[in-house]
Amino acid sequence: MSGPLPIEVRKLRKVFRQTTSGQSVVAIEELDLRIAPREVVAIVGQTGCGKSTFFDLMIGLERPTSGSIAIGGKTPYGDFDHFRGQMATVFQQDRLLPWRSARDNVKLPLELIGVHEDEQRERAMSWLERLGLGGFTNAYPHELSGGMRQRVAIARAFVLQPAILLADEAFGHLDEVTAAELRETFLALARECGSTAILITHQLEEAIGVGDRIVVFGKSAKLLADIHVARWDKGEYAILREAIQATLQCNEQDSRLIPSERG
Amino acid sequence: MHPEGLREAGLDGTLSRQTVLSLLIFAVAWEVMSHFAPALGIPAFAIPSLVRIGQSLMTIAPVDVIVTLARVIGALLLSFVLGLALAIAMYRSPTLESYLHPMIRLFMAVPVVSWILFAVLWFRGVEFRIAFVLVAVCGPVFLVDSLDAMRGVSRELRGMMRSFRPTTLQYFTKLMLPAILPSLITSWKINLSLAIRVVTIAELVGAVTGIGHQLAVAQELFSVADVFAWTLVLVVLLFLLEAVIARVERRMLRWRT
């Protein structure tokens, strides 16, 4: 992997034209955001607030209508191939290839960057063992439980030891115990790999539990709040959660509702 | 052949009681009819006895079976490669698709007999004529099935794959082709039975070798026994080829079980 990379989002705007009506829909109005190298940022917001569009723009699957995203000075859309092997994603559904075994799914990103076959196998096995799936390397996705499949998906992301790690509602569909366990694993691995991570979620517990920072999106990804979790005591998390909830409910309210800089 | 393959083809000796009984009834009815045909005013050669058909089967030259088989497999492989290549090109280029799609629909609407007549009128070489007819008939089936299957690959899997930034070749070899494999195998099954029938008609019209040609000879000689024997060979050949595909399917799609 390359060194840790900062992310700089400037005046980002994304407008979609609806194919049926021809009307324009503003998914992201104007977003400014800076994320430091190795920082883990949780983005929260209500359904339809532009979180997933932001995720697609971060991956480089969508082109910004205006404004820019720069990761270490390069843009994920314009310099798409530059990020091969540097960026990894974990999605809401595991999105494993059903015809590949757990090991072969984890190997996939290494195959794409041309890692030697022996090393691919070794690294895939090692990551599966770390995620507690050492005994299931040859199992096909349909033979695994939802939690196990998501572990494989996490192993597939971390096998690259990526500079940038993106997760979109990665634990939202799992039961609370499995989700909490995987969140912890995810965070520990992200720290170990030194990845700059963005975790998109609608669950406040998840955002507070994982993020160094919590960025709260309102409608059209309007930045409602930017909270440094480390500046809050654990005992204040309940207040923080309530404040974020209130912000989301008000939506249009000023971000000053929550003190984003403390201390 | 693998026992499972034989079972699929119904040739492993484990045919159901009903199947055996119905075949037996047909054989007995045929034999009875062959004996009573002259009394009913039907010429004796029109319904030959099972012994006579058996004698015809014994005289069948394997070379004609091999020639027909080679033509079918060769043309199917060519149709598959061309159909898949065009489908990939059309998937990648909507402009190309918008121009080619009407043409493909037109090709698919042309009757097999017309293709055979075009081949006889346009080309000289027998092999080229047969290959042309088979590719014209089977190629579009492979193309349309492949294209539909590629469009059916889930948006989620495509997004996941693209997020890892594969090259175009990797995108197709690691995602698209494995994802559409079940549809491709189904296409092979459909095209196989189609090709066997088409090649027989094509050989009937213009070839000097192959099962179709032997059927034409049998018809000229008014030998119903030979026609029956060659037809039986064709049917068994189709069952065997289907069994081979079924075995390939089980092996390649074992992840589904």
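Domain bounds come from an automatic or database domain assignment. The exercises below concern a predicted model.

**Exercise 1. Determine which domains chain B has and how far apart their centres lie.**

Step 1. The assignment for chain B lists domain 1 as 1-47 and domain 2 as 61-256.
Step 2. Between the C-alpha centres of domain 1 of chain B and domain 2 of chain B the distance is 30 Å.
Step 3. For the chain as a whole, the C-alpha trace of chain B extends about 75 × 50 × 30 Å along its principal axes.
Step 4. Chain B contains 11 helices and 0 strands, and its pattern along the sequence reads α-α-α-α-α-α-α-α-α-α-α.

**Exercise 2. State how confident the predictor is in each chain and where pLDDT is under 50.**

Step 1. In chain A the mean pLDDT is 88, with 94% of residues at 70 or more.
Step 2. Within the elements of chain A, the lowest mean pLDDT, 83, belongs to helix α7 (residues 237-250), and the highest, 97, to α2(A).
Step 3. Residues 253-263 of chain A stay under 50, and the model has 18 contacts beyond four places in sequence for them.
Step 4. In chain B the average pLDDT is 90, and 94% of the residues score at least 70. Residues 1-6 of chain B are below 50, and this stretch has 12 contacts in the model beyond near neighbours in sequence.
Step 5. For the model as a whole, ipTM is 0.86 and pTM is 0.82.

**Exercise 3. Classify the packing of α2(A) against α3(A) and describe the contact.**

Step 1. Helix α2 (residues 102-112) of chain A and helix α3 (residues 117-130) of chain A have axes 9 Å apart and pack at an angle of about 125°.
Step 2. Because of that angle, α2(A) is oblique to α3(A). The cut-off for roughly antiparallel is over 145 degrees, and 65 to 115 counts as roughly perpendicular.
Step 3. The crossing of α2(A) past α3(A) is right-handed.
Step 4. From α2(A) the contact takes Ala102(A), Arg103(A), Val106(A), Lys107(A), Leu110(A) and Glu111(A); from α3(A) it takes Gln120(A), Arg121(A), Arg123(A), Ala124(A), Met125(A), Trp127(A) and Leu128(A).
Step 5. By class, the residues of this contact are 7 nonpolar, 1 polar and 5 charged.

**Exercise 4. Work out how α10(B) runs relative to α11(B) and which residues join them.**

Step 1. Helix α10 (residues 211-220) of chain B and helix α11 (residues 224-252) of chain B cross at roughly 165°, and their axes come within 9 Å.
Step 2. The angle therefore makes α10(B) roughly antiparallel to α11(B).
Step 3. The handedness of the crossing of α10(B) and α11(B) is left-handed.
Step 4. Ile211(B), Gln214(B), Leu215(B), Ala218(B) and Gln219(B) of α10(B) make the contact with Asp226(B), Val227(B), Trp230(B), Val233(B) and Leu234(B) of α11(B).
Step 5. The residues of the contact between α10(B) and α11(B) comprise 7 nonpolar, 2 polar and 1 charged.

**Exercise 5. Identify what chain B brings to the contact with chain A.**

Step 1. Chain B supplies 13 residues and chain A supplies 18 residues.
Step 2. On the side of chain B that touches chain A, the elements giving two or more residues are α8 (155-163) and α9 of chain B.
Step 3. α8(B) gives the most to that side, with 6 residues.
Step 4. The side of chain B that touches chain A is made up of 6 nonpolar, 3 polar and 4 charged residues.

Note on methods. Residues are numbered from 1 along each chain as its sequence is written. Chains are lettered from A and ligands numbered from 1 in the order in which they are written. This is a predicted model: local features need pLDDT of at least 70, side-chain atom pairs count only at pLDDT 80 or more; totals for chains, interfaces and linings use all residues. Two residues are in contact if their C-beta atoms, placed from the backbone, lie within 7 Å. Helices (H or I, at least four residues) and strands (E, at least two) are DSSP runs, numbered from the N terminus. Ala, Val, Leu, Ile, Met, Phe, Trp, Tyr, Cys and Pro count as nonpolar, Asp, Glu, Lys and Arg as charged, and the others, Gly among them, as polar. Axes are lines fitted to C-alpha atoms, for helices over the stretch in contact, and angles run from 0 to 180 degrees between N-to-C directions. Angles under 35 degrees count as roughly parallel, over 145 as roughly antiparallel, 65 to 115 as roughly perpendicular and the rest as oblique. A crossing is left-handed if the near helix is turned anticlockwise from the far one by less than a right angle, and right-handed if clockwise. pLDDT is the predictor's confidence in each residue, from 0 to 100.
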